[in-house]
Amino acid sequence: MMLSSQAEGGRLPWSGLLALSCAAFTAVLTELLPAGLLPAMAPPLGVAQSRIGFLVTAYAAASFAGAVPLTAALRGLPRRPVLCGALLGFAAGDALVAVSSSYPLTVAARLLAGATGGLLWAMLAGYAARMVPAERRGRAIAVVLGGITLALALGVPAGTALAGAVGWRAAFATLAVLAVLLVGWVRLRVPAFPGEPPHARVPLVRVAALPGIRPVLSVTLFLLLGHQVMYTYVAPFAAHAGYGRTGVLLGVFGTATVAGIWLTGVLVDRYPRRTLLGALALVAAVLVVLGLGARAHGLLLGAVALWGTAFGGAPTLIQTALVDASGPAAADAATSLQTTVYNAGIAAGSLTGGLALDAAGAGALPWTALPPVLLAFATVAAGRRHAFPDRRAAAAAPETNALAGPVTVAVACPAGDHGTRRSADGTGR
């Protein structure tokens, strides 16, 4: 099986990685923006705030349903046009939300954006892994998934503030324009990798059966379920705590994720297991604090900051574990499975949180979120052998495909140099 890996003069291909990071930013902001706009969107659409929370559920459900079949159907096509098509899907979905006055039409727009989001997430980590040598894979994935951090730190709070200033429709319209502009950047700076030829496509069943894949998927599901119970309904929880400034809480959470992603970038290639265990333990502790002491506003703000720090690096840690378990050759297929599970967690979390909010009030949200986070911690603790080892073997070992043995890596040299094809043992041929 052939992979393409691109490195220029030993440096990370920053422009291309940052374009992919902006794609991640667009996806996260499109998905989560309604969480900051519940009070503003509910009256014009004629529904309760919990139903606006279900717009997050609709997006996630469409990603859940669409990631695997869309990825499988489009695996043979060149990667860059597929990526651009996903971004145009975001643009169309956000534009429809911006002009819609009907809740059913808004749900339909969210389903469209969610389906293209599932396709996008199935591509990003594998794309990053193919652009760099194996020893830089963790850092490249951290750069791309830093778009998640940027969306949480700046995008959601800024979108909430923009909606407060000029209306929520303008916020979604701005997102649509940004997605279109990003298509141009991707076309200019992201490498044009080919699709997979039919004989080289790894069946999803074989990918799912690889050692370590299922524990990583389980951690993804449990963490996102618990996280989304709280994050989707942060506005009513803030009101319950007597702290009505939702934008401030989102800003504190998002800013703290910057520290989380920075720490993860430093530690992911050396101490992935301990870093992830520490992050999950911290999330669980924060939920207990929120459940017991959220009405003390200093404690509330501190807990939210720690929550953001712990959660900020979790996507990179989990995604890197997945790519290491599958190998870059099967990364798109493995990530399509993770995208399905990831969005199942988001959908289940936003739905569960909405039901808990309606049945027991906002005070029940931290206690509803805690059990799945504890399950995520237990799964990482039990997955030492294959899924979450103490050190990343892929960072030091030759590039291998877990399904097919040694992998040939085509390295694109800078202009003026001769392209050299190197096998996994480092010999040119």
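At roughly what angle do the axes of helix α2 and helix α3 cross?

**Figure 1. Helix α2 and helix α3 in the predicted model.** The axes of α2, which spans residues 38-45, and α3, which spans residues 49-74, cross at roughly 105° and come within 8 Å. Because angles of 65 to 115 degrees count as roughly perpendicular, α2 is roughly perpendicular to α3. On the α2 side, the residues that meet α3 are Leu 38, Pro 39, Met 41, Ala 42 and Leu 45. Their partners in α3 are Gln 49, Ile 52, Gly 53 and Leu 55. Sorted by class, this contact of α2 with α3 holds seven nonpolar residues, two polar residues and no charged residues.

**Figure 2. Helix α9 and helix α15, with their crossing.** Helix α9 covers residues 213-231, and helix α15 covers residues 331-360. Their axes come within 7 Å and cross at roughly 30°. Angles under 35 degrees count as roughly parallel, and α9 and α15 are therefore roughly parallel to each other. The crossing in which α9 passes α15 is right-handed.

**Figure 3. The residues in contact between α9 and α15.** Helix α9 contributes Val 216, Leu 217, Thr 220, Leu 221, Leu 224, Leu 225, Gln 228 and Val 229. Helix α15 contributes Leu 337, Gln 338, Val 341, Tyr 342, Ala 344, Gly 345, Ile 346, Ala 348, Gly 349, Ser 350, Thr 352 and Gly 353. The residues of this contact of α9 with α15 comprise twelve nonpolar and eight polar residues, with no charged residue.

**Figure 4. Gly 167 in the loop between α6 and α7.** Helix α6 (137-166) and helix α7 (168-189) lie on either side of the loop that holds Gly 167. Is Gly 167 buried, partly exposed or exposed? The relative accessibility of Gly 167 is 25%. Buried means under 20% and exposed means over 50%, so Gly 167 counts as partly exposed. In sequence, Gly 167 and Leu 37 are 130 residues apart. In space, the distance between Gly 167 and Leu 37 is 9.8 Å, C-alpha to C-alpha.

**Figure 5. The protein as the setting of the close-up views.** The secondary structure of the protein consists of 16 helices and five strands. The protein has 429 residues, of which 57% count as buried. Among the contacts with a separation of 6 or more, 85% are between residues 24 or more positions apart. The accessible surface of the protein is about 15800 Å², and carbon and sulfur atoms account for 67% of that surface.

How values were computed: Residues numbered from 1 in each chain as written. Predicted model: local features only at pLDDT ≥ 70, side-chain atom pairs only at ≥ 80, totals over all residues. Heavy atoms only, no water. Axes fitted to C-alpha atoms, helices over the stretch in contact; angles between N-to-C directions. Helix = DSSP H or I, 4+ residues; strand = E, 2+ residues; numbered from the N terminus. Parallel < 35°, antiparallel > 145°, perpendicular 65-115°, else oblique. Left-handed = near helix turned anticlockwise from the far one by under 90°. Contact = heavy atoms within 4.5 Å. Nonpolar A, V, L, I, M, F, W, Y, C, P; charged D, E, K, R; others polar. Buried < 20%, exposed > 50% of the residue type's maximum accessible area, 1.4 Å probe, protein only. Areas by Shrake-Rupley, 256 points an atom, 1.4 Å probe, with all protein chains shown as cover.
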